[in-house]
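Hi,

Here is the structure I promised to pass on.

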Amino acid sequence: MKKAVFFDIDGTLIDCLNGLTDITPRVKKAIRKLQTNGDYVFLATGRPYAFLSKELLDFGFDGFILTNGAHVTIKDKVIYKEPLDKEVLKKLIANFEALGIQYMLQGALYSYMKESSKEFYSIYDTYNISRKYIKSSYDIENIDTYKIEMLCKDKNGIDYCLSLGYDSDEYDYLHNIDQNSFELYSKRNTKGTGILKALTYLNIPKENSYAFGDGKNDIEMLSTVGCGIAMGNASDEVKSYAKKVTDTVHNDGIALGIKDYIN
């Protein structure tokens with residue numbers, strides 16, 4: 001029976017902020033072996049397509065769970081997508097602009113951010129994110145948005161962004177306290193729900209699915225798959241949701257996890 005294995009990017013496959021900008025040769029070899037055996041390998045990420053490096057795109061993954069599960073593709077075919085409500089989005093944008101909050105609208109192929117958001121562009125540059133698929137000129141009526149990222153300059157902006165997730169049935173967020181940045185996304189879509197859609201499409205039972213992750217937005221997928229494997233650099237909270245724990249991203253934790261728990 002074929003297996004499906006899902007990999008988070010940041011802190012799992014690579015660690016851009018600490019100098020690991022490409023998948024290590026040992027991890028590449030381990031993932032290739034899965035594919036040689038006929039198994040499927042996916043990226044499962046909070047990133048939109050625009051944030052995937054050329055190296056990741058060229059690797060040959062069988063599919064992508066993008067923007068926390070709101071956009072799912074297999075072999076270049078979109079099998080699921082659910083953009084954010086456009087009227088809600090317009091109200092959010094109006095409030096962002098009134099409060100001086102910089103924001104990026106993350107779409108299927110392109111993502112959208114105004115040229116004036118220079119501080120936000122600088123942050124993305126530190127992650128080696130190309131601007132090839134980022135557009136600064138767009139019409140909100142003609143684009144779909146699957147996730148929003150925001151950068152706040154002051155307490156008023158931070159308080160507003162925090163309020164968006166308080167007691168909300170619709171939205172959840174991640175907060176990077178060091179950067180005063182946020183990610184806002186629909187609660188209906190997670191990496192876990194995206195994975196279930198991929199498994200259904202491929203007719204693979206859940207017990208034959210595996211996932212590697214390290215962050216808060218990996219908890220759902222680690223809990224959803226048959227065997228969730230937390231990275232050694234994950235927090236204790238994240239590890240508590242995994243069935244197995246491997247070594248850190250810098251110690252080729254994925255290669256070791258594949259060897260110990262999948263092959």
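Let's start with H71, which sits in strand β4, residues 71-74. Keep in mind that this is a predicted model. Is H71 buried or exposed? Its relative accessibility is 6%, and since anything under 20% is called buried, H71 counts as buried. Setting aside neighbours within four places in sequence, the residues in contact with H71 are F64, I65, L66, V78, Y80, K81, A108 and Y146.

Next, helix α3. This one covers residues 86-99, so to speak 14 residues, and spans 20 Å from its first C-alpha to its last, close to the 20 Å expected at 1.5 Å a residue. Its buried residues are L89, L92, I93 and F96. On the face of α3 turned away from the buried side you'll find K91 and A98, both exposed.

What do the buried residues of α3 pack against? Their partners are β6 (102-106), β9 (147-151), α5 (155-163) and β11 (181-186). As for the ends of α3, D85 caps the N-terminal one, with a side-chain oxygen 3.1 Å from the backbone nitrogen of E87. Just past the helix, G100 has a positive phi of about 70 degrees.

F120, Y121, I123 and Y124 are its buried residues. Down the axis of α4 they fall within an arc of 155 degrees, so they too line one face of the helix. They pack against β6, β8 (134-135) and β9. After α4 comes N128, with a positive phi near 60 degrees.

Finally, the largest pocket. It holds about 980 Å³ of space. Its lining is made up of 37 residues, and D10, Y127, L174, N176 and E183 lie nearest the centre. Elements giving two or more residues to that lining are α4 (118-126), β9, β10 (171-176) and β11. Which element gives the largest share? That is β10, with four residues.

Cheers

Conventions. Residues numbered from 1 in each chain as written. Predicted model: local features only at pLDDT ≥ 70, side-chain atom pairs only at ≥ 80, totals over all residues. Heavy atoms only, no water. Expected span 1.5 Å × (residues − 1). Buried < 20%, exposed > 50% of the residue type's maximum accessible area, 1.4 Å probe, protein only. Contact = heavy atoms within 4.5 Å. Polar contact = N/O pair within 3.5 Å; in protein donor to acceptor, adjacent residues only side chain to side chain. 1 Å grid on protein atoms, 1.4 Å probe; cavity = no way out; pocket = protein on both sides within 12 Å on 5 of 7 lines; lining within 4 Å. Points joined across faces, edges and corners; volume = space filled by probe spheres on them. Arc of directions from axis to C-beta.
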